[in-house]
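Biologist: I would like to learn how to read side-chain features in a model. Could we go through a few together?

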Amino acid sequence: MLRWGLENSWDNKPLINARSETLAEKKTFSPLLNSRCLIPASAYFEWRKDGKAKIKTRVWLKDQDLFAFAGLRQEDRFTIITCAPSPSISHIHGRMPVILPRDSEEAWISEDNTYAEVKDMLVPFADEHLQSEEIVPPKAQGDLFG
């Protein structure tokens, strides 16, 4: 088991994600480019802003119960790699986790492949496979004694 978020020296908050476009340039992530991992998921949640309101949205794959995000690991910790969003969910948030197609997972984690050989996998997932729904919060319970 790994813990989510890389420790860093400049902030008390762990680094829970890393931008795919700048991985090789950042001193924090460039040493980890050959320490790749898969993060299993059945869905992820993102918050869409609507004025001052934040609306929780669940995103998942239509045709897979379980899928994997691309990640980097450092000792017992990991971070999720993000990319620009697929067009169908770009209204929700400006980033999304990199979801790897099942037939790319083995190549992503193989130590035989260099980062240069797998970096082109870090792209938005195909729109036709994504599904999303807004999570409506339950209504507050009224006063039982009023």
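Modeller: Gladly! A charge sits over a ring if NZ of Lys or CZ of Arg is within 6 Å of the ring centre and within 35 degrees of the ring normal. Keep in mind that this is a predicted model. Here, arginine 58 lies over the face of tryptophan 60, 4.2 Å from the ring centre. Lysine 56 is placed over the face of phenylalanine 45, at 4.7 Å from the ring centre.

Biologist: Thanks! How many aromatic pairs does the structure hold?

Modeller: A pair of aromatic rings is described by the distance of the centres and the angle of the planes. This structure has three such pairs. One of them joins tryptophan 4 and phenylalanine 78, stacked at 6.5 Å centre to centre with 5° between the planes. That pair links distant parts of the chain, as tryptophan 4 is in strand β1 and phenylalanine 78 in strand β7, 74 residues apart. Phenylalanine 67 and phenylalanine 69 make an edge-to-face pair, with 5.5 Å between centres and 75° between planes. Tyr44, Phe67 and Phe69 belong to one aromatic cluster.

Biologist: Is cysteine 83 buried or exposed?

Modeller: Cysteine 83 is buried, because its relative accessible area is 2%, under the 20% cut-off. Cysteine 37 also counts as buried, at 8% relative accessibility.

Notes: Residues numbered from 1 in each chain as written. Predicted model: local features only at pLDDT ≥ 70, side-chain atom pairs only at ≥ 80, totals over all residues. Heavy atoms only, no water. Buried < 20%, exposed > 50% of the residue type's maximum accessible area, 1.4 Å probe, protein only. Phe/Tyr/Trp six-rings, centres within 6.5 Å; stacked < 30°, edge-to-face > 60°. Helix = DSSP H or I, 4+ residues; strand = E, 2+ residues; numbered from the N terminus.
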